[in-house]
Amino acid sequence: MIWNRWNLVAVAIFLLVVFVVVPWLIQVSGRWDFYYTLTSVALLSIGSAGVWLTFYIGRINIGQGAYALAGGYVSAILVTEYGVSFWLTIPLAGLFCAALSVLIGLPILRLRGVYFAMVTLVLTEVARLSALALPITRGAKGIVSIPLPGGISVFGLTIIPDFSTLENVKLAFYYLAVILMVICFAGMYRLVNSRIGHLCRSLQQNEELASSIGVNIAYLRIIAYSISSFLGGIAGAIFVAISQSIYPSSFQVADSINFMLNCFLGGLGYVFGPMLGTLVLYFGWDLLFQTGKYQLLIYSTLLIFLMVVLPNGLLSIRWPSARKVKP
């Protein structure tokens with residue numbers, strides 16, 4: 001797809017805001033805690049992007065928290081037990097989760113959508129119980145005192161500084177999360193507008209018809225699900241590096257549901273819907289904290305109202321005629 005001038009301007013403004021304007025505003029205001037907040041939003045949007053991709057092939061994924069937890073443990077174990085560089089554990093965590101999703105997905109992706117959703121719903125709890133039972137994960141004690149990411153040098157030139165030597169570690173993690181988020185959504189946009197993306201779109205309309213014209217349905221489902229799990233794994237790995245600890249309760253069923261809600265709220269028909277949905281949902285929950293015991297009631301009521309009034313998500317407000325992909 002050829003981008004027009006306005007697409008390029010929008011992307012340039014977005015990059016300017018996240019890489020320049022936001023750090024400058026935080027610097028001026030002195031609210032350093034916003035770095036952690038926005039870093040969390042960026043990582044959650046990466047995990048939500050993976051869930052969106054499974055929606056794109058016509059499946060509801062309520063198990064992304066399981067892969068985030070698995071990716072976090074893979075990174076933590078490799079760093080603490082085997083001394084592997086954190087930067088290497090990021091792709092390794094993603095690949096482990098992708099391989100795991102292939103083993104899980106081969107049987108359950110053959111199920112109809114509702115059954116697939118029910119199976120994925122229990123994955124997060126299975127992952128939590130496994131983390132409690134396995135000796136390598138140290139049970140309920142979790143893995144703590146995980147060192148900060150080290151530096152990377154090439155021919156004596158420092159490419160990435162050692163995070164433990166930085167004055168502002170939160171800023172470093174913010175840039176790391178945002179860079180990965182930009183790469184993630186750029187890749188998702190390219191995938192959706194590629195030949196494979198067009199084939200995946202055919203699964204939403206009529207799987208039997210797609211199969212009759214030679215589309216390998218099982219193959220496409222596995223590809224989409226493994227990419228989804230890969231994104232969940234790398235998001236979990238970076239979360240662990242930020243908190244420098246991981247426990248079986250670090251990602252729960254509620255987190256898997258929130259990954260899904262981010263997609264609904266932003267817009268299932270838009271590639272960048274998970275990004276906006278995560279931002280609004282994260283800050284919306286915090287803003288409602290002042291309502292006390294009514295927080296959850298107001299929160300759920302607003303979500304239901306928005307999904308009824310805006311079935312195509314928040315992005316449909318400003319760009320009702322923009323090109324979108326059918327969920």
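**Salt bridges, a surface patch and a pocket**

Aspartate 33 counts as partly exposed because its relative accessibility is 34%; this class lies between buried (under 20% relative accessible area) and exposed (over 50%), with a 1.4 Å probe and protein chains only. The model is predicted, so local features need pLDDT of at least 70 and side-chain atom pairs count only at pLDDT 80 or more, while totals for chains, interfaces and linings use all residues. Residues are numbered from 1 along each chain as its sequence is written, and side-chain values use heavy atoms, with hydrogens and water left out.

**Salt bridges**

- The count comes to three salt bridges, each defined as a side-chain nitrogen of Lys or Arg within 4 Å of a carboxyl oxygen of Asp or Glu.
- Aspartate 33 pairs with arginine 31, with the closest N and O atoms 2.9 Å apart; arginine 31 is partly exposed because its relative accessibility is 40%.
- Arginine 138 and glutamate 81 form a salt bridge whose closest N and O atoms are 2.4 Å apart.
- That pair links distant parts of the chain, 57 residues apart: arginine 138 is in the loop between helix 5 (113–133) and strand 1 (152–154), and glutamate 81 is in helix 3 (residues 64–82). Helices (H or I, at least four residues) and strands (E, at least two) are DSSP runs numbered from the N terminus.
- Arginine 138 is partly exposed at 34%, and glutamate 81 is partly exposed at 40%.
- Arginine 128 bonds to glutamate 125 in a salt bridge, at 2.5 Å between the closest N and O atoms; both residues lie in helix 5, three residues apart, about one turn of the helix.

**Nonpolar surface patch**

- A nonpolar patch of about 950 Å² includes Trp6, Val9, Ile13 and Trp24 among its residues. Patch residues have over 30% relative accessible area and no salt bridge, and nonpolar side chains (Val, Leu, Ile, Met, Phe, Trp, Tyr) are joined within 5 Å, like charges within 9 Å.
- Tryptophan 24 is located in helix 1 (residues 5–29) and is exposed because its relative accessibility is 53%.

**Second largest pocket**

- The second largest pocket has a volume of about 610 Å³. Of its 22 lining residues, Leu44, Phe239, Asp255, Asn258 and Tyr282 are the closest to its centre.
- On a 1 Å grid over the protein atoms alone, a pocket is an open set of points where a 1.4 Å probe fits, with protein on both sides within 12 Å along at least five of seven lines; lining residues have an atom within 4 Å of a point.
- Helix 2 (33–56), helix 9 (217–243), helix 10 (253–266) and helix 11 (273–287) each give two or more residues to the lining.

Methods. Accessible areas come from the Shrake-Rupley method with a 1.4 Å probe; for residues, only the protein chains shown count as cover. Grid points are joined across faces, edges and corners, and a volume is the space filled by probe spheres set on the points.
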